[in-house]
Amino acid sequence: MAIAPDPEFPDKGRLIGIDYGTKRVGIAVSTGDRTISSPVEVYQRRNALLDAKYFRELKQEYRPVGLVVGLPIHIGGEEGATARHAREYGAWLSETMKVPVTFWDERYTSVVADEYMLAVDMSRKKRKARVDMLAAHVMLQSYLDHQAALAREAASLLEDELPEEES
């Protein structure tokens, strides 16, 4: 589910996906053509100064054109305090990294990530260490897939509107 899509958000180039947490932040990155998301790591938050340094270095390494921050939306679709904190964190990241941010519904991403790890028989300790980055990956891939579906739909509509060529 899209959350207030931003028409100013770039439609081409690499994105970084963020699974917000008060202690840990899951990070994923897309390919430049936005077809595939890959988990990167879990960042253990420290303080604003060290966190800003880390994310500026991440920008240097991956050269993203935008950030997709997961919003923890309640089952009924409303936003609570955690979503508000995720929006504030996304705004801070955007300012720190000097790239635009958009938000994406992250409901069930941690559950899906945990199911992936259970399917490969990963230990509880390893699952706990990786769940945030895999949740960021699942969230970012969901965003990429949705955007690709919208692009296909738009292309199909344009095809339908074009006049047929005469033989």
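This talk walks through one protein chain, from the overall layout to a few single residues.

A word on the source. This is a predicted model, where local features need pLDDT of at least 70, side-chain atom pairs count only at pLDDT 80 or more, and totals for chains, interfaces and linings use all residues. Residues are numbered from 1 along each chain as its sequence is written, and side-chain values use heavy atoms, with hydrogens and water left out.

Start with the whole chain. The protein chain holds four helices and six strands. Here helices (H or I, at least four residues) and strands (E, at least two) are DSSP runs, numbered from the N terminus. Along the sequence, the pattern is β-β-β-β-α-β-α-β-α-α.

How much of the chain is buried? Of the 167 residues, 39% are buried. Buried means under 20% relative accessible area, exposed over 50%, and partly exposed in between, with a 1.4 Å probe and protein chains only. The accessible surface comes to about 10,100 Å², and 54% of that belongs to carbon and sulfur atoms. Those areas come from the Shrake-Rupley method with a 1.4 Å probe; for residues, only the protein chains shown count as cover.

Now contacts, meaning heavy atoms within 4.5 Å. Take the contacts with a separation of 6 or more: 65% of them are between residues 24 or more positions apart.

Next, the strands. Begin with S2, residues 15–19. Five of the five residues of S2 are buried, so the strand is largely enclosed by the rest of the structure. Both faces are covered: Leu-15, Gly-17 and Asp-19 are buried on one side, Ile-16 and Ile-18 on the other.

Which strands pair with S2? One is S5, residues 66–71, which runs parallel to S2 over four bridges. Two strands pair if DSSP finds at least two bridges between them. Leu-15 has Gly-66 as its bridge partner in S5.

S3 is another partner: S2 and S3 pair in the antiparallel sense, over four bridges. Ile-16 stands opposite Val-29, and Gly-17 has Ala-28 as its bridge partner. The link between S2 and S3 is a hairpin through four residues.

Move on to S3, residues 24–30. Six of the seven residues of S3 are buried, so S3 too is largely enclosed by the rest of the structure. Seven bridges join S3 to S4, and the two run antiparallel. Gly-26 faces Val-42 of S4 across that pairing. Six residues lie between S3 and S4 in their hairpin, and Arg-34 in the turn has a positive phi of about 60°.

Leaving out residues up to four places away in sequence, Ser-37 touches Ala-28, Val-29, Ser-30, His-137, Leu-140, Gln-141 and Leu-144.

Is Arg-46 buried or exposed? It counts as exposed, at 56% relative accessibility. The side chain of Arg-46 makes a polar contact of 3.3 Å with that of Tyr-43. A polar contact is a pair of N or O atoms within 3.5 Å; within protein, one must be able to donate a hydrogen and the other to accept it, and residues adjacent in sequence count only if both atoms are side-chain atoms. Arg-46 and Arg-24 are 22 residues apart along the chain, and their C-alpha atoms are separated by 9.2 Å.

That brings us to helix H1. H1 covers residues 48–62, 15 residues in total, and reaches 21 Å from its first C-alpha to its last, close to the 21 Å expected at 1.5 Å a residue. The expected span is 1.5 Å times one less than the number of residues.

Which residues of H1 are buried? They are Asp-51, Ala-52, Tyr-54, Phe-55, Leu-58 and Tyr-62. Seen down the axis, these buried residues fall within an arc of 160°, so they line one face of H1. The arc is that of the directions from the helix axis to the C-beta atoms. On the other side of H1, Leu-49 and Gln-60 are exposed.

What does the buried face pack against? The buried residues of H1 pack against S2, S3, S4 and helix H2.

Last, the two ends. Asn-47 caps the N-terminal end of H1, with a side-chain oxygen 3.1 Å from the backbone nitrogen of Leu-49. Just after H1, Arg-63 takes a positive phi of about 55°.
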